Amino acid sequence: MKIELIVLGSGAFAPSHDPRELRNPSGYALKLPNEILLFDFGFGNLRQLVRAGLKPSQISHLFITHRHPDHLGDLAAILFHFHYDTLPKNRKLTLCGPKGFRKFFKNLQKAHAPWISPKGYHLTVREMNDNSQLKTRNWQLSSLSVPHSTEAVAYKFEGYGKSFCYTGDTAYHPRIAQFAQGADLFALECTLPGPRAKHGHMTAAQAIRLAKESRASKALLTHLSEESLKTLKRLSLKGNGTRLLIASDLQKINL
């Protein structure tokens, strides 16, 4: 049964100085047989979703890793779309985020009232922490708290005989490799070019190390800055059985 990850945005928050390397902020669509799960939805990702040939009406769940705008800048946009245009899958939408997300979302609704409140569908908002789980008939999802400059979680999807793990923004930690252990596809952030002090992100070398430690079948290096991309191109992407891939916008990967 085909499961496919579509990269809506493979970049970080800052646009590249080179228009040939322009990347949208973080966003990933996991296309299942009968629905679409979104993992983060940075600004511009609603248009990217349509460019990828995906329909908003197939979206059932949206999983936010943390509250930075480059990871949820188009959250209001997709809810505005559902308010006035097509409805989410089965007239239901589940929205998940880290600790503090409910309060953040209430403030977002208040700021945009009434235009992003559910109209014609049911909205469920959940907070996910260490070892939180969400189960449906066909798949399950778990979360792991990760070190970043704000509350943040990684997610692991398991279903249809496949698994996908996504870090969001995080510093290096061996717990994440255990969380992603043996995944069919592991998408992990790779923001910094080298070992300079910056809280809550990984260098290119750390991302490669974590990918190898996870023993995932495929690892997707993403959340790329202009500098980290240049560094990656100089490093060896050969590993211990884990196939290392460099993400690009609108890239499609079979699990």
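**Exercise 1. Find the residues that S142 touches beyond its sequence neighbours, then decide whether S142 is buried or exposed.**

Start with the contacts. Leaving out residues up to four places away in sequence, S142 touches S132, Q133, A154, Y155, K156 and F179. Keep in mind that this is a predicted model.

Now for the accessibility. The cut-off for buried is under 20% relative accessible area. S142 comes in at 13%, so it counts as buried.

**Exercise 2. Work out the strand order of the seven-stranded sheet and say which strands stand at its edges.**

Trace the sheet across and you get β6-β5-β4-β3-β2-β1-β14. The sheet is open, and its pairing is mixed. At the edges are β6 (122-127) and β14 (252-254); each has a single partner strand, so one side of each has no neighbour in the sheet. On average, neighbouring strands here are turned by 20° against each other, ignoring direction.

Zoom in on one pair. Strands β2 (residues 27-31) and β3 (residues 36-41) run antiparallel and are joined by five bridges. If you want a spot to look at, A29 has L38 in β3 as its bridge partner.

**Exercise 3. Say how much of α3 is buried, and what the buried residues pack against.**

Count first: seven of the 10 residues in α3 are buried, so the helix is mostly covered. The buried ones are L75, A76, I78, L79, H81, F82 and H83. They pack against β3, α1 (45-51), β4, α2 (69-72), β5 and α4.

Now look at the surface. Y84 belongs to α3, and together with F80 and W115 it makes a nonpolar surface patch.

**Exercise 4. Check the backbone at N90, Y160 and the A113-P114 bond.**

Take N90 first. Its phi is near 55°, which is positive even though the residue isn't glycine. N90 lies in the loop between α3 and β5, and with 62% relative accessibility it counts as exposed.

Y160 also has a positive phi, near 55°, and isn't glycine either. You'll find Y160 in the loop between β9 (153-159) and β10 (162-166). At 23% relative accessibility, Y160 counts as partly exposed.

Finish with the peptide bond between A113 and P114: it is cis, with omega about 0°. P114 is in the loop between α4 and β6.

**Exercise 5. Find which residues K99 contacts beyond its sequence neighbours, and how far its C-alpha atom is from that of A152.**

Locate K99 in the loop between β5 and α4. Skip the neighbours within four places in sequence, and its contacts are E127, M128, N129 and E151.

For the distance, compare K99 with A152: they are 53 residues apart along the chain, yet their C-alpha atoms are separated by 7.8 Å.

Notes. Residues are numbered from 1 along each chain as its sequence is written. This is a predicted model: local features need pLDDT of at least 70, side-chain atom pairs count only at pLDDT 80 or more; totals for chains, interfaces and linings use all residues. Side-chain values use heavy atoms; hydrogens and water are left out. Two strands pair if DSSP finds at least two bridges between them. Helices (H or I, at least four residues) and strands (E, at least two) are DSSP runs, numbered from the N terminus. Axes are lines fitted to C-alpha atoms, for helices over the stretch in contact, and angles run from 0 to 180 degrees between N-to-C directions. Buried means under 20% relative accessible area, exposed over 50%, partly exposed in between (1.4 Å probe, protein chains only). Contact means heavy atoms within 4.5 Å. Patches are made of residues with over 30% relative accessible area and no salt bridge: like charges are joined within 9 Å, nonpolar side chains (Val, Leu, Ile, Met, Phe, Trp, Tyr) within 5 Å. Accessible areas come from the Shrake-Rupley method with a 1.4 Å probe; for residues, only the protein chains shown count as cover. A salt bridge is a side-chain nitrogen of Lys or Arg within 4 Å of a carboxyl oxygen of Asp or Glu.
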